[in-house]
Amino acid sequence: MNLRVPSIRHDDCDELSALCKAGGDPLRLNVLRALANDSFGVLELTHIFATGQSGMSHHLKVLSQARLVATRREGNAIFYRRALPHTEQLGGRLHAALLEEVDNLTLPADVQARISAVHEQRAAASQDFFSRIAEKFRAQQDLIAGLPQYRDSVLTLLDKLSFNPAATALEVGPGDGSFLPDLARRFHQVTALDNSPVMLELARQLCERESLNNVSLILADALHDAQLQADCVVVNMVLHHFAAPAEALKQLATLLQPGGSLLVTELCSHNQAWAREACGDLWLGFEQDDLAHWATAAGLVPGESLYVGLRNGFQIQVRHFQRPTGDTHHR
């Protein structure tokens, strides 16, 4: 008598098995929790979880094989972030459910403290850069993408939004203030926030030269110190200087009035590592899908986008995100 051996699709079983195995370790679950709104290099994760590099590399390999984390090269370093679940694919619903449960976990206090220390280290490196290059700021920016290369695109999106005559605007990280005259002509009141006294002084000098009487300059950290709200928040080539960009978008969303618009100008993902040293960039641009995902997680609705190609190989994305009109519980 011939017994028929049941056909088992080992490829499918292997994939589900890898997913279950990856979620079967407390440290790996905590790593996924830490990556909820951030990306870290292996050395940063080694520090955050106070474990050996070889051990952390092994855990990251297991997570990567299960497609729970994705990697991205930043110059010579590789950063890990959570992979987005694809619920229509094998294991996708299990992946989504695992992340949903992971997000209910609370990281140990010492781990949270070390994450904050990594963020502070990143932020200090960025602030130190701007305190050193104030005099040659524009020349440094022009190495990659100066305001003249994307100003028209930002204004095109801005003018399509048709703000009312009493509308207010807020620019985060105005640099030397070059975009403030454009905002001052379009809004009743404009506020510029910067945490660098040196850069804010450059913006003040420009406002004085241009007689911009409806612009206020405030020395503050937009992510922690700002208590104001505006109808439009503009962030030009700043997000790649923030220690935790996804968390930054959440904080920037709180600066918007209900129905307000966030305009973000950023580099698309690139591999020009020299930008770190020459321009103080913490991140080498961003994937378009990542920005949309982070904005959605911040309670914003993605709107129109424009993309500008540059002759030196960089590409700029100009993105519009809107806070829903009925959203009154953001702060």
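Guide: A salt bridge is a side-chain nitrogen of Lys or Arg within 4 Å of a carboxyl oxygen of Asp or Glu. Here, Arg151, Asp182 and Arg185 are linked in a network of such bridges. The model is predicted, so local features need pLDDT of at least 70 and side-chain atom pairs count only at pLDDT 80 or more, whereas totals for chains, interfaces and linings use all residues. Residues are numbered from 1 along each chain as its sequence is written, and side-chain values use heavy atoms, with hydrogens and water left out.

Visitor: How many salt bridges does the structure hold?

Guide: The structure holds 10 salt bridges. One of them joins the side chains of Arg81 and Asp290, at 3.5 Å from N to O. This pair links distant parts of the chain, with Arg81 in strand S3 (residues 77-82) and Asp290 in helix H13, 209 residues apart. Helices (H or I, at least four residues) and strands (E, at least two) are DSSP runs, numbered from the N terminus.

Visitor: Is Asp290 buried or exposed?

Guide: Buried means under 20% relative accessible area, exposed over 50%, and partly exposed in between (1.4 Å probe, protein chains only). Asp290, at 8% relative accessibility, therefore counts as buried, while Arg81, at 23%, counts as partly exposed.

Visitor: Where do Glu208 and Arg204 lie?

Guide: Both belong to helix H10 (residues 197-210); being four residues apart, they are separated by about one helical turn. Glu208 is exposed, with a relative accessible area of 56%.

Visitor: Which residues have the most contacts inside the largest nonpolar core?

Guide: A nonpolar core is a set of buried Ala, Val, Leu, Ile, Met, Phe, Trp, Tyr and Cys residues joined through side-chain atoms within 4.5 Å. The largest has 31 residues, and those with the most contacts inside it are Val172, Val233, Leu239, Leu249 and Leu262. Among the elements that give two or more residues to this core are strand S4 (168-172) and strand S7 (230-236).

Visitor: Why is S4 described as largely enclosed?

Guide: Four of its five residues are buried, so S4 is largely enclosed by the rest of the structure.

Visitor: In which sense do S4 and S7 pair?

Guide: Two strands pair if DSSP finds at least two bridges between them. S4 and S7 pair in the parallel sense over three bridges, and Ala169 stands opposite Cys232 in S7. S4 also pairs in the parallel sense with strand S5 (residues 189-194), over five bridges.
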